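This briefing is intended for a reader who is meeting the structure for the first time. Please keep the sequence and the model at hand while reading.

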Amino acid sequence: MKRRFSTLVATLLTAGVVVSGCAANPGPPPVVEPTPTTEPTTTETTTTQARPARTEAAVGVEPLRNGFNPHLLSDDSSVVRSLANLVLPSAFLRGQLNRNLLRSAEVIEPVDSPGVVMTVRYVIQDAAQWSDGTPITGSDFAYLWQGMSTSPGVINPEGYRAISNVRVIGGGAKTVEVDFHAPVADWQSLFSYLLPAHLLDSGEQGFLVGLRDNIPASAGRYLVNNVDRARGVITLNRNDRFWGPEPAQIDILSLVETRSTTHSADQLRAGQLQFVDVLPGETTRDTYELIPDIQNRLVQSQRQLGLTLSTNSPILSDHATRVELSGLVDVPLIARLGAGRSTDLIVADSEPVNSAEPELLRSAIESAGRPLRIAADPADATASASVRSLVDLLKQRGINAEVVSTDLTDLTKNRLPSGDVDAVIAREWIDGSPNYVAGALRCPDEETGMRSGNLSGLCMPETEGVANQVLAGEISPERAQELLDEFRTREATWVPLLREQRILALSPGIIGPDPDLEEWTDGLATADTWRLPDEADATTTTTTPPNIAEEEQQF
C-alpha cells in the first residue's frame with residue numbers, strides 16, 4: 001500500500017537536509033591588495049588584468065505555452081524538453097547510465113516484503129548537487145515517483161505506478177532502493193528529469209504548479225537565471241556548481257521567441273541569433289535556404305496531435321457513435337488548418353470522410369440534452385485552431401458541437417472523468433517505449449478516474465492484460481505499438497491528426513556536436529556541448545552580439 005505523499009516526502013526531505021557530504025563550491029578567492037613598497041619611485045605604473053569577456057549566444061524558439069515541468073502534458077513542448085535536458089538530471093541518458101549523477105544502478109534481490117517482485121538500487125554520486133548547494137538525495141527520487149504516480153495529465157506514468165516504495169538506505173541519503181509490485185522491463189527509462197524536492201511542495205499541487213514560472217534549481221550544465229515572458233526571453237547561465245566533467249563552454253544562453261519566419265530570418269542574417277529550433281511556417285524552409293552560410297534541416301519529434309474520444313462520455317459511450325464521429329473527421333483538412341501550413345507537414349494516415357448522415361451522433365446529443373463538447377488547451381495554438389475547425393466542420397454536418405477551452409490539468413483531473421467533456425484534441429508523446437504503450441492501455445485510477453497516459457478512459461480486461469505484458473517486457477515494443485493501434489482503431493478512441501515536425505537552423509556562430517547539422521542528434525538540447533568559434537576553427541564568422549534588450553517579443 002502506498003504511503004501518503006506528504007508524509008513520505010517530508011520524511012525523505014528531512015533525511016536529505018542532514019547530508020553534508022556535498023558542500024557548495026566555494027566562491028572566488030578574496031582579492032589581496034599588494035603591500036606598498038618603501039623604495040622611492042619616480043614613476044607609478046598600474047597594471048590591471050582584464051577579466052575575460054563573457055561568452056553569449058542566442059537561440060530562436062517558439063513561445064512558451066505554460067510552465068516548465070517536462071512531465072506534464074500541459075507544459076510539454078520542445079522548448080521545455082530541451083530545457084529539461086540542459087537543467088535537470090536523469091538516471092539514464094539515451095539508455096546509458098548517467099555517471100555524472102549515479103555511481104551505479106542495478107536490479108538486486110527483491111526486498112522481503114509482501115507484493116514486492118523487483119528491486120532496483122541506485123547509488124548517487126557523492127558530489128551530485130543542485131545549483132543552490134543542496135545535495136541530490138533519495139528524496140528527489142521519491143518526489144518524482146509520487147508526483148508521477150498520483151498526478152493527472154502526466155507523460156508516461158505507467159512504470160512509476162508499478163512502484164510500491166522508495167527507500168533511502170544508510171547514511172547520507174545517497175543510496176536509494178526502489179521496490180516494484182509489478183515487473184518493469186524498461187526500468188532504465190524511469191527517474192528522468194529529477195525535480196528539486198527541497199524547493200517544491202510535497203502535495204499534488206506542488207508537482208502540478210511548482211514549475212509554473214521557473215525551474216528553481218539546476219543539476220545540469222545550465223541553470224535558468226531569468227524568465228521574462230513579457231519580452232519573450234529565457235536566460236540560461238552556466239551552472240558553476242555543476243560537478244561533472246566538461247562544463248558548458250558558453251556562459252549565457254538566451255532563448256528568444258521568434259514571432260515569424262521573417263523575424264527569425266532577419267535575426268539570423270544580422271547574427272543576433274546563432275541557432276533556431278522552431279515549428280516551421282509555410283515558407284520557413286525556403287527562406288532559410290536562401291540565407292548565406294545558414295544550414296537547416298527538418299526533424300520529426302515524438303509528439304503527435306490527435307483527437308481522443310472519451311468512453312465514459314454520455315454522448316460517446318456507445319462504440320457505434322464513436323465510430324460515426326471518427327468517420328466525420330477530415331484529417332488532412334484539420335491538420336492543415338491546425339498547423340496553419342500545407343508544406344513540411346506530416347499528416348496522419350486516414351480514411352475518406354464518411355458521407356452518410358450521422359444519425360447516431362445526433363440522437364446521442366439530443367438524448368444528452370447538451371452539445372457535443374470538444375476541448376483543447378487555449379495555450380496550444382495548434383490544438384486550439386484544430387478544435388475550432390473541427391467544430392465548424394461538424395456544424396456543417398448538422399452536429400450540435402461546441403469548443404471547450406480549458407487547461408489539460410482540469411481536463412484530465414475533472415472534466416474528462418466526470419463526462420463533462422466528450423473529446424479532446426491534445427498532443428501525445430509517442431516514444432514507442434513499453435511504459436508509453438502500457439500507460440495508453442491501462443485502465444484509469446479506480447478511485448479518482450483521473451486520466452494519465454490513457455485519456456480515453458478505455459478499460460477492458462483485454463487491454464489491462466496486454467498492458468501488464470508490455471510493461472513486463474513479454475511483448476516486443478514493435479508488437480506492443482501494433483496492438484495499441486489495433487485497440488484504438490477497433491474501439492474508435494483515437495484519431496491521429498499530425499506528427500510534429502521542426503526546423504533547425506545553424507549559423508557559423510556556433511560550433512556544435514558536428515560541423516554538419518544533418519549529423520546532430522538533437523537541436524537546442526545539445527547546447528551544453530556548444531562553443532563559440534575561435535581562431536583555430538577553419539570557419540570564422542563575425543557576429544553581432546544578441547541585442548535582446550531592444551526586442552519587444554511577447555511570450
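The structure is a predicted model. Strand 16, residues 423-429, is largely enclosed by the rest of the structure, because seven of its seven residues are buried. Two helix contacts are then described, one between helix 9 and helix 11 and one between helix 13 and helix 14. The loop residues are Phe68, Arg94 and Ala173.

- Strand 12, residues 295-309, runs antiparallel to strand 16 and is joined to it by seven bridges.
- Within strand 16, Glu428 is the bridge partner of Gln304.
- Strand 14, residues 372-376, runs parallel to strand 16, and two bridges join them.
- Ala423 of strand 16 stands opposite Ile374.

**Helix 9 with helix 11**

- A pair of packed helices is described by the distance between the axes and the angle between them.
- Helix 9 (residues 331-339) and helix 11 (residues 381-396) have axes that come within 7 Å and cross at roughly 135°.
- These two helices are therefore oblique to each other, and their crossing is right-handed.
- On the side of helix 9, the contact consists of Leu333, Ile334, Leu337, Gly338 and Ala339; these meet Thr382, Ala385, Ser386, Ser389, Leu390 and Leu393 of helix 11.
- By class, the residues of this contact are seven nonpolar, four polar and no charged.

**Helix 13 with helix 14**

- The axes of helix 13 (residues 434-441) and helix 14 (residues 461-471) are 8 Å apart, and the helices pack at an angle of about 165°.
- Helix 13 and helix 14 are therefore roughly antiparallel to each other, with a left-handed crossing.
- From helix 13, Pro434, Asn435, Val437, Ala438 and Leu441 meet Thr463, Glu464, Val466, Ala467, Val470 and Leu471 of helix 14.
- This contact comprises eight nonpolar residues, two polar residues and one charged residue.

**Phe68, a buried loop residue**

- Phe68 lies in the loop between strand 1 (56-61) and helix 2 (78-87).
- Its relative accessibility is 1%, so Phe68 counts as buried, the cut-off being under 20%.
- Phe68 and Ile215 are 147 residues apart along the chain, yet their C-alpha atoms are separated by 6.6 Å.
- Leaving aside residues up to four places away in sequence, Phe68 touches Asp75, Val80, Leu83, Leu211, Arg212, Asp213, Asn214, Ile215, Val227, Arg229 and Ile234.

- Arg94 is not a glycine, but its phi is positive, at about 50°.
- Arg94 is found in the loop between strand 2 (92-93) and strand 3 (96-97).
- With a relative accessibility of 71%, Arg94 counts as exposed, since the cut-off for that class is over 50%.
- Ala173 is likewise not a glycine and has a positive phi of about 55°.
- The loop that holds Ala173 runs between strand 6 (163-169) and strand 7 (175-180).
- Ala173 has a relative accessible area of 3% and is therefore buried.

Key. Residues numbered from 1 in each chain as written. Predicted model: local features only at pLDDT ≥ 70, side-chain atom pairs only at ≥ 80, totals over all residues. Heavy atoms only, no water. Buried < 20%, exposed > 50% of the residue type's maximum accessible area, 1.4 Å probe, protein only. Helix = DSSP H or I, 4+ residues; strand = E, 2+ residues; numbered from the N terminus. Pairing = 2+ DSSP bridges. Axes fitted to C-alpha atoms, helices over the stretch in contact; angles between N-to-C directions. Parallel < 35°, antiparallel > 145°, perpendicular 65-115°, else oblique. Left-handed = near helix turned anticlockwise from the far one by under 90°. Contact = heavy atoms within 4.5 Å. Nonpolar A, V, L, I, M, F, W, Y, C, P; charged D, E, K, R; others polar.
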